[in-house]
Amino acid sequence: MVNEHKEEQIPVIKTFYSLGTIIRLRLYGGDSKFAIDEAQKRIFEIDDRMSAFKCNSEISKINNNAGGYAQEISEDTLFVIKKAMQYSELSTGAFDPTVRPLVALWGIGTENASIPEEKKIKETLPLVNYRDIIIDEKNHTVKLNHANQSIDLGSIAKGYAADEVADILHRNGVASAIIDLGGNIYALGYKPDGTKWDIGIQDPLGSRESYIGVANVADKSVVTSGNYERYFLSNGKRFHHILDPRNGYPSENGLISATIISDFSIDGDALTTCIYVMGIEKGMKLLESFEGVESILITEDKEVYTSSSIYSKKYC
Ligand code: AMP
Ligand code: MG
């Protein structure tokens, strides 16, 4: 697939804030101008439905009614909740969308981030249990079994949004694009020059701009969960945003970064969080059950484990 036009194609670009992060869309070809507006509208719609911070979102309504009545929700939100629950099962609870009460307690990424009292963590832990999400498929409703339980789709909604944007772009003849939802990347098609995209894998121990390698991909999602994304320091120790639902603390299982390369970004987004919490051995085992999914896992001892044939080290 070689581009026969010598002149460089000018991309249609949009940068905006949604889903709690900076979104960067770069589109080439097809009806890019129309598609980029549609993509933005769709991302806003997903955020409006799934944000735990917007008081009128479907997720907030479920959370506000916890222990009470079932909330009717859209096909969208139902799909993402069901996917999240599948990953909870697959990871035997390492991934849990009912982690929100713990997330709120730690406040990581907010101005109020601090180490909670152990007593508070112990009191909060029983609220975290994905099995308390009750789905009624027929009536399109979701409810949480107990008061004060709450859902957080922060580890999966961006992946879903990336897939939805990719779908819109395909439908509008866009052949080539980078969908970047705060580092959650979907590389659509090939670059306009016909070669694959180079997606940098951030060095978890370096600066934002430093990469430990490059994933060479076309039509793939590349998602990373890392301890450097959102954290605070206390007495020199890092407290990051991926929590272990089994003990209530930021996950410490030897990994500092987990990257998944997959066809669908919803799977990549959920899997990176799963693997991060499960650790290298159990995580690798889980990955064996997925076809066509590649991984790059980095440990705190700076070892890099990769299943990926499309990954190349950039700096040695
Ligand atoms: P990610 O960056 O995709 O790994 O998602 C991390 C976000 O997901 C956090 O900011 C929390 O909102 C939420 N989260 C934290 N720990 C978990 C967990 N064990 N399972 C599911 N979601 C989590
Ligand atoms: Mg995730």
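Here is a short talk about some labels and the values behind them.

Tutor: Before you start, keep in mind that this is a predicted model.

Student: Okay. Why is Ser-51 called buried?

Tutor: Its relative accessible area is 9%. Buried means under 20%, so Ser-51 gets that label. You'll find Ser-51 in the loop between α1 (32-50) and α2 (58-64).

Student: What makes Ser-51 and Phe-53 a polar contact?

Tutor: A polar atom of the Ser-51 side chain lies 2.9 Å from the backbone nitrogen of Phe-53. The cut-off for such a pair is within 3.5 Å, so this one counts. The Ser-51 side chain also reaches the backbone nitrogen of Lys-54, at 3.2 Å. Leaving out residues up to four places away in sequence, Ser-51 touches Ile-46, Ser-57, Ile-59 and Ser-60.

Student: Now Asn-148. Is it buried or exposed, and how do you know?

Tutor: Asn-148 has 61% relative accessibility. Exposed means over 50%, so Asn-148 counts as exposed. It sits in the loop between β5 (141-144) and α6 (157-171), and it has a positive phi of about 75 degrees although it isn't a glycine.

Student: And why is Asp-219 called partly exposed?

Tutor: Its relative accessible area is 33%.

Student: Let's move to ligand 1. What makes Arg-230 a polar contact of ligand 1?

Tutor: A polar side-chain atom of Arg-230 lies 3.5 Å from an oxygen atom of ligand 1. The limit is within 3.5 Å, so the pair is counted. Asp-269 also has a polar side-chain atom by a ligand oxygen, at 3.1 Å, while a backbone N or O atom of Ala-94 lies 3.0 Å from a nitrogen of ligand 1. Taken alone, ligand 1 exposes 500 Å², and the protein buries 94% of that.

Student: Which helix gives the most to the shell around ligand 1?

Tutor: That's α7 (residues 265-278), with three residues. In total, 18 residues surround ligand 1, and they divide into eight nonpolar, five polar and five charged.

Student: How do α7 and α8 cross?

Tutor: Their axes come within 6 Å and cross at roughly 145 degrees. The residues in contact include Leu-271 of α7 and Leu-286 of α8, and they divide into seven nonpolar, one polar and one charged.

Methods. Residues numbered from 1 in each chain as written. Chains lettered and ligands numbered in written order. Predicted model: local features only at pLDDT ≥ 70, side-chain atom pairs only at ≥ 80, totals over all residues. Heavy atoms only, no water. Helix = DSSP H or I, 4+ residues; strand = E, 2+ residues; numbered from the N terminus. Buried < 20%, exposed > 50% of the residue type's maximum accessible area, 1.4 Å probe, protein only. Polar contact = N/O pair within 3.5 Å; in protein donor to acceptor, adjacent residues only side chain to side chain. Contact = heavy atoms within 4.5 Å. Near = heavy atom within 4 Å. Areas by Shrake-Rupley, 256 points an atom, 1.4 Å probe, with all protein chains shown as cover. Nonpolar A, V, L, I, M, F, W, Y, C, P; charged D, E, K, R; others polar. Axes fitted to C-alpha atoms, helices over the stretch in contact; angles between N-to-C directions.
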